[in-house]
Amino acid sequence: MKFLRGCLSIKNLDHVPTVDKAKQAMLLTKPFLVRLEFEWNGSGYSNHHEQILHGLQPHENLKELLLTNYNGFSLPGWFSSPLCKLLSINLQSCNYCHILTPLAKLRYLKSLTIDDMANWSQVNQDFSGFQSLEYLAMKNIPNLVSWCMFRGSRFPHLHTLHINDCPMLTNLPSLVDATRFHSLDINQCPEIRSLPHDGLPGSLAEVTISDSGLLTDRCRVQEGADWHMIKSVPKIVIDYVEIGWAERSF
């Protein structure tokens, strides 16, 4: 099946007994696949998941990857291959995957969605260096507390940042080097204390903040401590109400 095209979905990967069996899928020899979807069923950390994912290395032409219920601690080395041309990655319910360093080495990666990672508590310096990333979504991460601040380029081409349902997160990352940044969307993050302390890029065109009490208060029209950072942004929506130009004071 060397000439398979389009999308291939492989489920119940818990039943693949060994890495050698995974390699028999010969995904490395299928250059016309555009999207792969891998899904496991098990819960709890599993070194077996890491081995199987290692054996499922795709051809370098692959553009999109979805991992569901992957419970390995780290991602295999093929993620950081200089030949890898992945454009989009979606990590869904990968609760034990804490080492995401290989993702930042993907030179062509433009879209990254991280959804339902219950055991991820801190975004650290490993999560940096995304030279091509344009869209970043982080959703339903109940134990994420902090996004560590560090020097160096983080997201120079970031266009959209969407953070949803991270009830313990206290801070946002620095965005000053994201010179093409367009849209910031924060929803159900009641513990975020403020907008980034070093400000927001002048390119920002849309800000949406909802159900995020502390941040909502700091962005109150004319009165909030962070209002001055966003008052010139063309579109502002706070708790589902758009703030028109007539309501702003300059």
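Visitor: Leaving aside its neighbours within four places in sequence, which residues is Phe79 in contact with?
Guide: In this predicted model, Phe79 belongs to the residues with the most contacts inside the largest nonpolar core. Once its neighbours within four places in sequence are left aside, the partners of Phe79 are Leu53, Leu65, Leu67, Cys84, Ile89, Pro102, Leu103 and Leu106.

Visitor: How many residues does the largest nonpolar core have?
Guide: Besides Phe79, the residues with the most contacts inside this core include Phe38, Leu67, Leu103 and Leu112. Phe127 and Leu136 are also among them, and the number of residues in the core is 70.

Visitor: Which strand gives the most to this core?
Guide: The strand in question runs through residues 33-39 and gives three residues to the core. The strand that gives the most is therefore named by its place in the chain, residues 33-39, and it is strand β2.

Visitor: What does the radius of gyration say about the protein, and which value does it have?
Guide: A compact globule with 250 residues would have a radius of gyration near 18 Å, and the value found for the protein agrees with this. Along its principal axes, the C-alpha trace spans about 65 × 30 × 30 Å. The radius of gyration of the protein is 20 Å.

Visitor: What percentage of the residues of the protein count as buried?
Guide: A residue counts as buried when its relative accessible area is under 20%. Applied to the 250 residues of the protein, this cut-off gives a buried share of 48%.

Visitor: Which elements do the buried residues of helix α2 pack against?
Guide: Helix α2 covers residues 47-55, and its buried residues are His49, Glu50, Ile52, Leu53 and Gly55. These buried residues pack against three elements, namely α1 (19-23), β2 and β3 (64-68).

Visitor: Is His48 buried or partly exposed?
Guide: His48 also lies in helix α2, and, leaving aside its neighbours within four places in sequence, His48 is in contact with Leu13, Asp14, Val16 and Pro17. The C-alpha atoms of His48 and Leu13 are separated by 9.9 Å, although the two residues are 35 residues apart along the chain. Because the relative accessible area of His48 is 23%, His48 is partly exposed.

Visitor: Where does Asn12 lie, and what is its phi?
Guide: Most residues other than glycine have a negative phi. Asn12 lies in the loop between β1 (6-10) and α1, and at 39% relative accessibility Asn12 counts as partly exposed. Although Asn12 is not a glycine, its phi is positive, with a value of about 60°.

Visitor: Which value is the phi of Asp116 near?
Guide: Asp116 has its place in the loop between β5 (111-115) and β6 (122-123), and with 22% relative accessibility Asp116 counts as partly exposed. Asp116 is a residue other than glycine with a positive phi, and the value is near 65°.

Visitor: Is Leu100 buried or partly exposed?
Guide: Leu100 is found in the loop between β4 (88-92) and α3 (101-104). Leaving aside its neighbours within four places in sequence, Leu100 is in contact with Leu75, Leu91, Ile114, Trp120 and Phe127. Since its relative accessibility is 3%, Leu100 counts as buried.

Visitor: How many Å separate the C-alpha atoms of Leu204 and Pro82?
Guide: Leu204 lies in the loop between β10 (183-187) and β11 (206-210), and at 5% relative accessibility Leu204 counts as buried. Not counting residues up to four places away in sequence, Leu204 touches Phe181, His182, Ser183, Leu184, Val233 and Pro234. Leu204 and Pro82 are 122 residues apart along the chain, and their C-alpha atoms are separated by 32 Å.

Visitor: Which residues does Lys235 touch, not counting residues up to four places away in sequence?
Guide: Lys235 lies in strand β12, which covers residues 235-238, and at 37% relative accessibility Lys235 counts as partly exposed. From Lys235 to Arg193 the distance is 22 Å, C-alpha to C-alpha, and these two residues are 42 residues apart in sequence. With residues up to four places away in sequence not counted, Lys235 touches Ala205, Glu206, Val207, Glu242 and Arg248.

Definitions and conventions
Residues are numbered from 1 along each chain as its sequence is written. This is a predicted model: local features need pLDDT of at least 70, side-chain atom pairs count only at pLDDT 80 or more; totals for chains, interfaces and linings use all residues. Side-chain values use heavy atoms; hydrogens and water are left out. A nonpolar core is a set of buried Ala, Val, Leu, Ile, Met, Phe, Trp, Tyr and Cys residues joined through side-chain atoms within 4.5 Å. Buried means under 20% relative accessible area, exposed over 50%, partly exposed in between (1.4 Å probe, protein chains only). Helices (H or I, at least four residues) and strands (E, at least two) are DSSP runs, numbered from the N terminus. Contact means heavy atoms within 4.5 Å. The radius of gyration is taken over C-alpha atoms; the globule rule is 2.2 Å times the number of residues to the power 0.38.
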